[in-house]
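Dear colleague,

I am handing over the structure below, together with a short account of what was found in it. Please keep in mind as you read that the model is predicted.

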Amino acid sequence: MTEKKLITSDGGPVIIDATTMTEKESALIALAERKSNPPEQIDNSSLYAGSPMFFYCKICEGTIVLPESFTCAVPKLCVECNFLKEMGWLD
Ligand SMILES: [Zn+2]
């Protein structure tokens, strides 16, 4: 059974054969899809007290949500992009 997947690339939608895709390829495709469809950015100062804080991934602009009381440093990358970086898959 082959699995076809429709992806959005810079050149427009492309149908690819997902059955032969490696984890790296599918992760990079997911990244391209996140980049092509960034979420609307939220201004934290417009939120009521106690709201979670919204930050944005430096690579894909994906949303990173932290509780208002977060004590760690704000991550620069979302979970998916951090994974790509850890794996050395980013250019
Ligand atoms: Zn990201």
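Helix 1 and helix 2 are oblique to each other, because their axes cross at roughly 140 degrees, and only angles over 145 degrees would count as roughly antiparallel. Helix 1 covers residues 23-36 and helix 2 covers residues 79-87, and the two axes come within 11 Å. The crossing in which helix 1 passes helix 2 is left-handed. On the side of helix 1 the contact is made by Ala-27, Ala-30 and Leu-31, while helix 2 contributes Glu-80, Cys-81 and Leu-84. Sorted by class, the residues of this contact are five nonpolar and one charged, with no polar residue among them.

The other part to look at is a hairpin. Strand 3, residues 53-56, pairs with strand 4, residues 63-66, in the antiparallel sense, and four bridges join them. One of the residues involved is Tyr-56, whose bridge partner in strand 4 is Thr-63. Between the two strands of the hairpin there are six residues, and Glu-61 is placed in this loop.

Note on methods:
Residues numbered from 1 in each chain as written. Predicted model: local features only at pLDDT ≥ 70, side-chain atom pairs only at ≥ 80, totals over all residues. Axes fitted to C-alpha atoms, helices over the stretch in contact; angles between N-to-C directions. Parallel < 35°, antiparallel > 145°, perpendicular 65-115°, else oblique. Left-handed = near helix turned anticlockwise from the far one by under 90°. Contact = placed C-beta atoms within 7 Å. Nonpolar A, V, L, I, M, F, W, Y, C, P; charged D, E, K, R; others polar. Pairing = 2+ DSSP bridges.
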